[in-house]
Amino acid sequence: MTTPAKRTCPCCRKPKPLASFPSLQPGGLLHPYCRPCLTARVRQSGRARDQAVTAVTKVCALCAQRLPLDTFHWIKSSQTHHSYCRGCHSVYMAERYRRRRRSVLAQK
Ligand SMILES: [Zn+2]
Ligand SMILES: [Zn+2]
């Protein structure tokens with residue numbers, strides 16, 4: 001456990017210490033690109049700094065939290081991520097099921 005954790009940046013293809021990668025969440029997910037590459041890319045595109053962050057995170061349409069993309073269900077048919085995070089999605093589905101069931105019962 002003497003070697004510090006390193007990670008290869010896909011942009012410059014150099015192994016760099018984890019500290020060189022900006023974190024997207026405290027103590028969690030790290031941005032795939034190292035800081036110098038990210039800065040260069042941001043400067044290149046002329047966009048705001050969190051533009052690069054939006055690429056791997058998404059704001060949930062229900063709880064309005066910015067979460068990593070793998071928190072969202074991937075909809076194969078539409079080739080996009082669901083606009084609700086997994087947590088909100090399951091709450092939404094349970095509610096939808098309950099409402100449907102109620103309307104079925106009301107029809108009888
Ligand atoms: Zn890099
Ligand atoms: Zn949510």
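Me: Which residue takes a positive phi in the hairpin of β5 and β6?

Reply: In that hairpin, with four residues between the strands, Gln-79 takes a positive phi near 50°. Gln-79 is not a glycine, and its place is the loop between β5 (72-75) and β6 (80-85). Strands here are DSSP runs of E with at least two residues, helices are runs of H or I with at least four, and both are numbered from the N terminus.

Me: What is the basis of the model, and how are its parts numbered?

Reply: This is a predicted model, in which local features need pLDDT of at least 70 and side-chain atom pairs count only at pLDDT 80 or more, while totals for chains, interfaces and linings use all residues. Residues are numbered from 1 along each chain as its sequence is written, chains are lettered from A and ligands numbered from 1 in the order in which they are written, and side-chain values use heavy atoms, with hydrogens and water left out.

Me: Which elements make up the protein chain?

Reply: The chain has three helices and six strands. From the N terminus on, their order is β-β-α-α-β-β-β-β-α.

Me: What makes β5 and β6 a pair of strands?

Reply: Two strands pair if DSSP finds at least two bridges between them. Three bridges join β5 to β6, and the two run antiparallel. Within this pairing, Ile-75 stands opposite Thr-80 in β6.

Me: Why is Gln-79 called exposed?

Reply: The scale rests on relative accessible area, with a 1.4 Å probe and protein chains only: buried is under 20%, exposed is over 50%, and partly exposed lies in between. Gln-79 has 55% relative accessibility and therefore counts as exposed. Arg-13 likewise has a positive phi without being a glycine, near 55°. Arg-13 lies in the loop between β1 (6-8) and β2 (15-17), and its 68% relative accessibility makes it exposed. Of the 108 residues of the chain, 19% count as buried.

Me: How do you know which residues are the protein donors of the zinc ion (ligand 1)?

Reply: Donors are N, O and S atoms within 2.8 Å of the metal (3.2 Å for Na, K and Ca); water is not among the atoms, so sites may look incomplete. The SG atoms of Cys-9, Cys-12, Cys-34 and Cys-37 lie 2.2 to 2.3 Å from the zinc ion (ligand 1) and are its protein donors. Their spacing in sequence is C-x2-C-x21-C-x2-C. Cys-9 is buried at 0% relative accessibility, whereas Cys-12 is partly exposed at 25%; Cys-34 and Cys-37 are buried.

Me: Why is the site of the zinc ion (ligand 1) called tetrahedral?

Reply: Four donors count as tetrahedral if all angles lie between 85 and 135 degrees; four count as square planar and six as octahedral if opposite donors are over 155 degrees apart and all others between 65 and 115, and anything else is irregular. The angles among the four donor atoms are 101 to 117°, and the site of the zinc ion (ligand 1) is tetrahedral.

Me: What makes the site of the zinc ion (ligand 2) tetrahedral?

Reply: The angles among its four donor atoms are 99 to 121°, and this site is tetrahedral. The SG atoms of Cys-60, Cys-63, Cys-85 and Cys-88 coordinate the zinc ion (ligand 2) at 2.3 Å, and along the chain these donors follow the spacing C-x2-C-x21-C-x2-C. Among them, Cys-60 in the loop between β3 (57-59) and β4 (66-68) and Cys-88 in helix α3 (residues 86-107) are 28 residues apart and link distant parts of the chain. Both Cys-60 and Cys-88 are buried.

Me: How many disulfides does the structure hold?

Reply: The criterion is a pair of cysteine sulfur atoms within 2.5 Å. The structure holds zero disulfides.

Me: Why is the pair of Tyr-84 and Tyr-92 called edge-to-face?

Reply: Rings of Phe, Tyr and Trp (its six-membered ring) pair if their centres lie within 6.5 Å; planes under 30 degrees apart count as stacked, over 60 as edge-to-face and the rest as tilted. The structure holds one aromatic pair. The ring centres of Tyr-84 and Tyr-92 are 5.3 Å apart and their planes are at 80°, so the pair is edge-to-face. Tyr-84 is buried at 18% relative accessible area, while Tyr-92 is partly exposed at 34%.

Me: What sits over the ring of Phe-21?

Reply: A charge sits over a ring if NZ of Lys or CZ of Arg is within 6 Å of the ring centre and within 35 degrees of the ring normal. The charged end of Arg-7 sits over the ring of Phe-21, 5.1 Å from its centre. The charged end of Lys-58 sits over the ring of Phe-72, 5.9 Å from its centre.
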